[in-house]
Amino acid sequence: MQLPTPAVAPPLDPRFRPAALANRALRQAAEAAGKSAPLAIALERGDGSISTYRTTAVAPGGPQHEANLEYAERIVKTLLWQRGGWRVIIGGPDGIGEHIRQVYSPSGPRAFDHEFMGGVYEKPFTVDVTDADRVPDTQEATAPLGRHLEGCRIGFDLGASDYKIAAVIDGESVFSDEIVWHPREQTDPDYHYEKIMEGLKMAMAHLPRVDAIGGSSAGVYINNRVRVASLFRGIPKDLFDAKIAGMFVRIGQELGVPLEVINDGEVTALAGSMSLEDNPVLGIAMGSSEAGGYVTPEGNVTGWLNELAFVPFDYQPEAAVDEWSGDRGVGSQYLCQTGVIRLAPAAGIDLSAWATPAEKLKAVQDLMAAGDERVPPIYESIGSYLGYAIAHYADFYELKHVLVLGRVTSGAGGQLIIDRANRVLGEEFPELAARITVSLPDERSRRVGQAIAAASLPAIG
């Protein structure tokens, strides 16, 4: 694919090549030459719902026709992690469907995605090839989420470096804290259970009673059961099945209260919708990784995954590689503390004296607070990433508000990120800038807002 140079390039990453510009350039070239062709991709999830995306590719003989395969594969990758599915139905110009089938096979470059999606939906992952006009239309429903504020509640938000806990009475926080933990490398499932219970008991001490508990965490959760989550990837499968999969169901039963846990991105979007009192909202949490969630124009949530950490938006061949999925240019390397740490050497900052990613992020934030002139380009670079990522996401979501949360946005660096992202939209995508507001909540909400929103998840009675 042709990879246009961004007008608002990240100052510390001049090789960055945004997906939004590359995809737009391919479609515009095909349309200008009268050589565009329909491309339709449907994804079926475990409940039988179907989510369909329709766009254009290059017809045979058109400009960049040979780039169709890469272009379509990156779109399929985006859709899989945005919407989820065990089955892909694809129709478009010749060769695209078979290419997707090979790439997303057990022996293909996207074998991780093949295995992950099959595991989430408990069905063999498949790719069906047909004509574009025979790809089925969308058949899915949305549902309300949370917003229950009455009573005495506990909310938690599980991250990879720390987790947030909040005690809430009738919608007002009376206690909040952050607990340091290191879940990814743990092989004993009792570690996770005990640390989570430690936080819950801290919050319980600040409430006269507990009526409900709501939580958020990276990963996929169905009916309060853990399907797949990076926080627990150090646990052997037999112990995962025995102790982790049903852990939150067990905790709710032990405490005798309604407990609901969902993907942290959904709670990010819920927090945004509640604070803004408006929709639609895309929430982006920049913490240990990137989390995303979406509230529809009607104020509901979808059954989509919204795992933006795995969505590619940097198409440069030398883009940063995600160590779990093995793919390049995905959000987990850019819009989170990993992105800060990755950019620090280019800014002339040595973080080797700090052991954990959370400590390294805090070291950068402390330098920012002290006025170190090496730090602002880090946040400006992340702001460029964010602006071009939002432009890419806008091809797949209906957007009015983008609310950015998470520990990376804490301190003065958060506003630099937002200002730079808005500059990207204003200069490169004025049509998006005119209808999308990108903003931060206040400092306190940035750090614990998800935990407070999570507390509103369960209904009482």
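**Loops and a helix pair**

Mentor: Asn223 counts as exposed, because its relative accessibility is 67% (exposed is over 50%, buried under 20%, partly exposed in between, with a 1.4 Å probe and protein chains only). This is a predicted model: local features need pLDDT of at least 70, side-chain atom pairs pLDDT 80 or more, while totals for chains, interfaces and linings use all residues. Numbering starts from 1 along each chain as its sequence is written, and side-chain values use heavy atoms, without hydrogens and water.

Trainee: Where does Asn223 lie?

Mentor: In the loop between strand 9 (220-222) and strand 10 (225-228). Strands are DSSP runs of E, at least two residues; helices are H or I, at least four; both are numbered from the N terminus. Asn223 is not a glycine, yet its phi is positive, near 55°.

Trainee: And what is phi for Asp170?

Mentor: About 50°, also positive in a non-glycine residue. Asp170 sits in the loop between strand 6 (162-169) and strand 7 (172-180).

Trainee: Is Asp170 buried or exposed?

Mentor: Exposed, because its relative accessibility is 52%.

Trainee: New topic. Which peptide bond is cis?

Mentor: The one from Asn279 to Pro280, with omega near -5°. Pro280 is in the loop between helix 8 (264-276) and strand 12 (281-286).

Trainee: Now helices. How do helix 2 and helix 4 pack?

Mentor: Helix 2 (residues 68-83) and helix 4 (residues 111-121) pack at about 25°, with axes 12 Å apart. Axes are lines fitted to C-alpha atoms over the stretch in contact; angles run from 0 to 180 degrees between N-to-C directions.
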